[in-house]
Structures are given as C-alpha cells and as structure tokens.
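Hi everyone, thanks for making the time this morning. I'd like to walk you through one structure, so let me put it up on the screen.

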Amino acid sequence: MTTQILNPNTDASAIPLAASLLRNGELVVIPTETVYGLAANALDPEAVRKIYAAKGRPSDNPLIVHISDFDDIYPLVREVPETAKHLAEKFWPGPLTIILPKSDRIPDATSGGLDTVAIRMPSHPTARAVIRAAGVPLAAPSANISGFPSPTKLEYAADDMTGRVPLILDGGDCAVGVESTVLTLAAGTPRILRPGGVTPGMLREVLGEVEIDKAVLDPLGKDETAASPGMKYKHYSPKTRVRIYRGSRKGYLRYFDRHPAPGLFALCFEQTAPLLRVPYVTMGKENEYLSQTQRLFDALRELDEAGASLAVAQCPPARDIGLAVCNRLFRASGFDFIDEAPIVGLTGQTGAGKSTVAALFSEAGYHIVDTDKLAREIVEKGSPVLSVLAEAFGADILDENGGLIRTRLAERAFCSEEKTALLNSITHPEILGRTAEEAFSFSERNIPCLLDVPLLFQSGADAFCDITVAVTASFETRKHRIMARDGISEDAALLRMRAQEPEEYYASRADIVIQNPDGGDLTKAVRAALERIQTNGVFA
Ligand code: TXA
Ligand code: MG
C-alpha cells in the first residue's frame, strides 16, 4: 500500500480526503495533542479490525472512541451521568478519556468485547476537523506498532505506519507527548486506569474521591485481571533494555562509574546530562513534568537510534503528571528497578548529641559506618598503610610481630604540625576511601547508611553523602554533657569545646540541622529528618 503524507495547514484536500477514506472503512493516521492516533470508523467492525491488523494489536485490547462535540456521546453510551458532564465541561476537549457502559451501537471489535466504551474529545484542531468531516466517531489507538513507544512526531508515526495506511496527516509535534488519562466511571468510585496529562489532583477537584488503579504503578500479579486490558501487556518498550534508577542524583552518577558496560546509556533529566561521563539521551527537565512527558517516547526511540543496549533512567516522583511519566517508564522497563538507599553524613559539635542521633537512625534500620573502626583497621598488622608509616616515621614504630606501637607513632607524629600533616596525608585518604566503599556497598544493597564523622566537612566525606545532618546544642547543654560523659572538670570540657567549630559552621553547611533541645527529647526531630530524607526516595 502506498502511503500519502499531507499537511492540512498547507493542503486543503487533506481533511476531505481523510474523511472520505474513513467513511469508506479505511485507516488514517491523525495527530492529536497527546500522541498520533491510528483512526478508523468506530462503528464499522471491518474498519476497526484493520486497526488491530496494522498495529499487530491483541484483539481483546479495546479502543478509545474519539468525538468532536459533546452531544456525539449520547448515541454511544447507555446513560451520561452528571459527573461525565462536569468532567467534559472542565477537561474536554483535552487529554481525558472517560469509560462508561456502552450502547448497542458500539461493536464488540471496538470495545474488545467489554460492556463499556472509552470516549475522548481531543483538542488538536486537525483531529477535531477530521472527526467532524467524517461524521462518525473514530476509534484511534496510538499509531505505533503494538508494544513500541507511541509516536509523538510525524516522523515516528511515518516510521511505524508507512505501507500500512493510505494517509498520514501531519500535525507537528504532540503537545502532551503521552496518551490521555483513562478514567472509568463505569463502576463505583471513579478510578484512573492510565495516568496522563489530566492529573489525579485535577480530577479530584471535580469529583472529590478518585482512585488510582493498582496496575498504574505495579505489575499485575499472576492471578489478577487488568481493569484496563492495555495494562497487562508489556508496553512502550524500545529495543534498548531500560532499567529505572531510584535513588539520589549522586548515586545515579556513581552508578555509571561503578557499572561500566558496552552500549550503556543514561536516560536522564537535562540538568543531570552535563555531569555524566557516559552517552545519554535526555527526557525533559527535572521538576517540569510536562517537559518529561513531551520527551519520554521520543527519548526511548532515540535510544534505539543511537544503538544503546542498556539505558539506566532517572525517574521523577510519582505525583501530578510525574505519575504518567513513571507509569510509562516502569512499563518500558518491565518494572526493572535499581533501588539504592541514601547515604547520610552526620556531624556536629562534641557533646551535642551525635551518638544519640546515630542510635535513633540505627533503630530506624540505618547501617552506621564507624569511621573510628575503619581508622583502626587500616593500620592492622601487615596492612600497606603500616609499611608506608614505618617508612615515614621509622621502622621501630612496629613491634617484633609487625604490630603498630601506637604510643611511639603518636610521639613522632604529634611533635610538630608538619609531622602531624604527614601522618594525616598517609592515613586520611585511606580512611576516606574505605568509608566511601562501605557506604556505597550498603547503599547498593538498598540499605540506608549513616556516616558518623566528626570532621565531615573538613575531611571531604560530605562529597559522597546524599544529605548531611548536623546536631547542635546550646553551649551549656554541651558543656554539661561532656563533663558527665567523660567525667572531666568544667575547665577541661571548655578546652575541648574551644577546639570545635562554632554552631554557624555546621548550620550553614548541613542540609538538615537538628537542634538538641535543652534536656529535651531528640526523637521527634530525628523522625522529621528521616521523613525528609525518605520523601519519594528521590533526594538531590
Ligand atoms: O491519548 C490517547 O488516548 C491516544 C490518542 C490517539 O487519542 N489513544 C490511545 O489509545 O492511547 P490506545 O488504544 O493506545 O490506549 C487505550 C487504552 C488501553 O490501555 C485500553 O486497554 C484502554 O485504554 N481502554 C480502552 N477501552 C477501555 C474499556 N472499555 N475499559 C477499560 N480500558 C479501556
Ligand atoms: Mg497505545
């Protein structure tokens, strides 16, 4: 079959030709504001069967029926509830599909044998003009080969449908970029079967209660039936294998360093791209969901074009239009997630209550990275650091068994600033490296961890933390806590406190500051900090 491509803006014959083809039971690819659609007369079972054949679509997956005026809905359904009228007033024409009990005029071929029908009024002027000119409602799934990403550009619709349809109408790039929100009013509380440009929040403003079908974000269990048959199929998948990274941005960047592989690409937000050292395809701006829906399907196709074998994708929080992005991404990946837990750096002045905070994090399931322990381990008998130290400070810092004589090393290292600096330059990078490695290995197993590092910022350990927490307390509280803890005099406590950075030092650097209330309880503040760290599982 030869395929003509016409632009109705420059060719006056385009719409009449489309209308006559459709009336004669042929297929036409039309642009809509969501994605390009593969249209046929919804009331003609023979025409509708051609859609399934052209797409290679399973015949039990029902089609959306597109209308151009609200009154067109009456012959298609058994009854139009008030809620449907309210929704139409607010969101039609636009990216919302409403499911209602169908009338006898809807053939089984269109409804996939269901007793309901999905109806939508698109806002794209070409789509509306074609429906009006054809004079019949149009069944139109996305104009892609079944299973592949929906086309949002003429080029991609033509890639998939050339040779399969007589006519493709050029309507430019689709404004929304993902398919319409599918909402069922056919049973009980209104329920979103597929998220899209009309968000749960927008629907709740009109309807009050709105449910989100479990299949929107979770794979169907073996014995579960899909409320929307489209949800049971693997969907939107490019040839490239896609995996979803859920963790921090630092973790995302680190992933590529720690898991190099041939053909590995990042599928990332624009802000992340300049930080990467692997090839990437962008999918919109972080925090701008509409820019993400506009880019998502194109990006999946671009990965194939670039010859990527594996793409690791960033993922927005599953709210607002981000819910639609997650839904499509999760399906494109076949629910293949890389979940990495946060790495939290804890610091603060001595006596402020760091160890209490660490204990509360530990209770909450955090692994505590003990840097003191790591510092001891690096100078264990036979360690490479120990031989470097022996070279720098004298072989006799080791006993006859090769063990470190700590007092002797201290004597030699703390006698001058220069020698202290030499000691630190040998030991600190090693401790830092081990701290990082331990933290990464837990994070990668999705176990959150807390680094208890007194000199968090001074040592540079904050660089690999996703978030930093500082504990501060009033001068008096700290003084009394140090005296009680270490059993020392007021003067000795003051001496220790003088060696510490002031409160502002921590407050201005840490992401979260926990102020230890005088004689009070830290639990509430720690709980709030934990919640903030866990919000959405996404933290910058
Ligand atoms: O934005 C859109 O909706 C695009 C453009 C072209 O309008 N169309 C589209 O159609 O995405 P399609 O066929 O690719 O997706 C229709 C979805 C499928 O998941 C299908 O299972 C579901 O809607 N659906 C259709 N009728 C249904 C019904 N009666 N009950 C439950 N789900 C239904
Ligand atoms: Mg589709």
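Let's begin with a pair of helices: α9, residues 289-305, and α10, residues 322-333, have axes that come within 9 Å and cross at roughly 20°. With angles under 35 degrees counted as roughly parallel, α9 is therefore roughly parallel to α10. The α9 and α10 crossing is left-handed. Do keep in mind as we go that this is a predicted model.

So which residues in the two helices meet? From α9 we have Y289, Q292, T293, L296, F297 and L300, and they meet G322, V325, R328, L329 and A332 in α10. Sorted by type, the residues of this contact are seven nonpolar, three polar and one charged.

Now over to ligand 1. There are 27 residues around ligand 1, and the ones that come nearest are T34, N61, H66, S180 and G230. For those of you who like polar contacts, here are some with distances. In R57, a side-chain N or O atom is 2.8 Å from an oxygen atom of ligand 1. R120 has a polar side-chain atom 3.0 Å from an oxygen atom of ligand 1. With A140 the backbone is involved: one of its N or O atoms lies 3.4 Å from a nitrogen atom of ligand 1.

One last stop, and it's a glycine. Where does G171 lie? You'll find G171 in the loop between β8, 167-169, and β9, 181-184. Leaving out residues up to four places away in sequence, G171 touches P31, Y36 and H124. G171 and A127 are 44 residues apart in sequence, yet their C-alpha atoms are 8.8 Å apart in space.

Definitions and conventions: Residues are numbered from 1 along each chain as its sequence is written. Chains are lettered from A and ligands numbered from 1 in the order in which they are written. This is a predicted model: local features need pLDDT of at least 70, side-chain atom pairs count only at pLDDT 80 or more; totals for chains, interfaces and linings use all residues. Side-chain values use heavy atoms; hydrogens and water are left out. Axes are lines fitted to C-alpha atoms, for helices over the stretch in contact, and angles run from 0 to 180 degrees between N-to-C directions. Helices (H or I, at least four residues) and strands (E, at least two) are DSSP runs, numbered from the N terminus. Angles under 35 degrees count as roughly parallel, over 145 as roughly antiparallel, 65 to 115 as roughly perpendicular and the rest as oblique. A crossing is left-handed if the near helix is turned anticlockwise from the far one by less than a right angle, and right-handed if clockwise. Contact means heavy atoms within 4.5 Å. Ala, Val, Leu, Ile, Met, Phe, Trp, Tyr, Cys and Pro count as nonpolar, Asp, Glu, Lys and Arg as charged, and the others, Gly among them, as polar. A residue is near a molecule or strand if one of its heavy atoms lies within 4 Å of it. A polar contact is a pair of N or O atoms within 3.5 Å; within protein, one must be able to donate a hydrogen and the other to accept it, and residues adjacent in sequence count only if both atoms are side-chain atoms.
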